[in-house]
Amino acid sequence: AFPMDGGRVFRAILSFFTDRVKATTIAARTGQIISSGFFLIGIIYNPILAIVGIFIFMMAQVESDYVKSKSILHDYPVSDVVMKKYFSLDVFNTIDDAVKLLLDVQATDFLVTEKGNVIGTLNRNGIIHALAEKGKDSYVVSAMNTKVKFLSLQTPLDKVFFHLKSNESSILPVLHNNELIGIVDVNNILELIMVKSAAEKSPTYSKIDTIKFQEAIV
């Protein structure tokens with residue numbers, strides 16, 4: 001039952017006959033069918049088996065989505081989704097300033113700068129937590145995330161996306177010739193995945209559509 005070891009062997013065998021994404025999808029669906037059987041049997045005979053069935057079902061879906069997303073993003077660099085409109089806070093801004101900005105714009109993640117240089121990021125959760133713990137007059141520098149990864153326009157999006165998913169911040173600054181030109185936002189990458197997936201399901205989808213789509217997002 002994928003993603004257990006036996007399921008991974010099954011996927012490896014399928015990969016001889018089809019691409020990795022399709023092989024993973026088939027293995028995941030098969031694993032979910034098996035795990036559903038575990039769940040039904042477990043309800044009657046063993047609750048532990050039912051819990052195992054739920055766990056396997058969820059993990060199979062997570063890994064299937066992971067492989068599909070990575071495959072989609074592999075062909076796109078940061079330059080395709082960089083957003084040049086972003087919001088930032090200065091190190092001397094207070095949490096009260098951050099709250100006002102949060103309520104004034106739709107963004108929930110902000111760069112923190114010092115003399116024009118990015119030194120950190122601050123998100124909505126960080127602002128709310130700092131407001132409750134440190135008060136509105138504390139400085140944003142005391143609440144920001146200092147682990148900032150700078151991107152280039154050529155960085156593959158698959159690497160960026162999974163860094164964002166495991167990082168405290170959901171935005172990363174993009175540099176070109178050592179100058180800040182924009183940010184990459186996890187939500188924008190998710191939108192790219194959804195649009196690309198929907199386009200591929202279209203009955204009129206073709207390689208020409210892929211080219212047009214790439215031109216459109218640029």
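These are my entries, going from the whole chain to single residues.

**Entry 1: the overall plan**

I note at the start that this is a predicted model. I looked up the secondary structure and found eight helices and five strands. Reading along the sequence, I wrote the pattern down as α-α-α-β-α-β-β-α-α-β-β-α-α.

The exposed surface comes to about 13100 Å², with 59% of it supplied by carbon and sulfur atoms. I also looked at contacts with a separation of 6 or more, and residues 24 or more positions apart account for 59% of them.

**Entry 2: the cores**

Which residues have the most contacts inside the largest nonpolar core? I found Val 78, Leu 157, Val 160, Val 184 and Ile 189, in a core of 19 residues. The elements giving two or more residues to this core are helix 3 (47-73), helix 6 (157-166), strand 4 (171-176) and helix 7 (186-201). I also found a second, separate core of 15 residues, with Leu 89, Val 105, Phe 110 and Leu 122 among them.

I went back to Val 78 to list its partners, leaving aside neighbours within four places in sequence. Val 78 is in contact with Leu 151, Ser 152, Leu 153, Thr 155, Leu 157, Val 160, Val 174 and Val 184.

**Entry 3: helix 3**

I checked the length of helix 3 against expectation.

At the N-terminal end of helix 3 I found a cap, Asn 46, with a side-chain oxygen 3.0 Å from the backbone nitrogen of Ile 48. Then I listed the buried residues of helix 3: Ala 50, Gly 53, Ile 56, Ala 60, Glu 63, Ser 64, Val 67, Ser 69, Ile 72 and Leu 73.

Ser 64 counts as buried because its relative accessibility is 6%, below the 20% cut-off. Apart from neighbours within four places in sequence, Ser 64 is in contact with Thr 24, Thr 25 and Ala 28.

**Entry 4: a serine in helix 2**

Next I turned to Ser 35, which lies in helix 2 (residues 20-45). Is Ser 35 buried or exposed? With 1% relative accessibility, Ser 35 counts as buried.

What is Ser 35 in contact with, once neighbours within four places in sequence are left aside? I found Gly 53, Ile 56 and Phe 57. Two of the residues in helix 3 that I had listed as buried, Gly 53 and Ile 56, turn up again here as contacts of Ser 35. I also noted the pair Ser 35 and Met 58, which are 23 residues apart along the chain, with 9.5 Å between their C-alpha atoms.

**Entry 5: helix 5 and its two sides**

I looked up helix 5 (residues 124-133) and found Gly 126, Ile 127 and Ala 130 buried. These residues cover an arc of only 100° around the axis, so they sit on the same side of helix 5. On the other side of helix 5, I found Asn 125, His 129 and Ala 132 exposed.

What covers the buried residues of helix 5? The cover includes helix 4 (95-104), strand 2 (109-114) and strand 3 (117-123).

Asn 123 caps the N-terminal end of helix 5, with a side-chain oxygen 3.3 Å from the backbone nitrogen of Asn 125. Just after helix 5 comes Gly 135, with a positive phi of about 95°.

**Entry 6: backbone details**

Phe 2 and Pro 3 are joined by a cis peptide bond, with omega about 15°. Pro 3 belongs to the segment before helix 1 (5-14).

I then went to the loop between strand 4 and strand 5 (179-185), where I found Asn 177. Asn 177 is not a glycine, yet its phi is positive, near 55°. Asn 178 is in this loop as well, and has a positive phi of about 65° although it is not a glycine. I looked up exposure for each: Asn 177 counts as exposed at 64% relative accessibility, and Asn 178 is exposed with a relative accessible area of 76%.

Technical notes: Residues numbered from 1 in each chain as written. Predicted model: local features only at pLDDT ≥ 70, side-chain atom pairs only at ≥ 80, totals over all residues. Heavy atoms only, no water. Helix = DSSP H or I, 4+ residues; strand = E, 2+ residues; numbered from the N terminus. Contact = heavy atoms within 4.5 Å. Areas by Shrake-Rupley, 256 points an atom, 1.4 Å probe, with all protein chains shown as cover. Buried < 20%, exposed > 50% of the residue type's maximum accessible area, 1.4 Å probe, protein only. Arc of directions from axis to C-beta. Polar contact = N/O pair within 3.5 Å; in protein donor to acceptor, adjacent residues only side chain to side chain. Core = buried A, V, L, I, M, F, W, Y, C linked by side-chain atoms within 4.5 Å.
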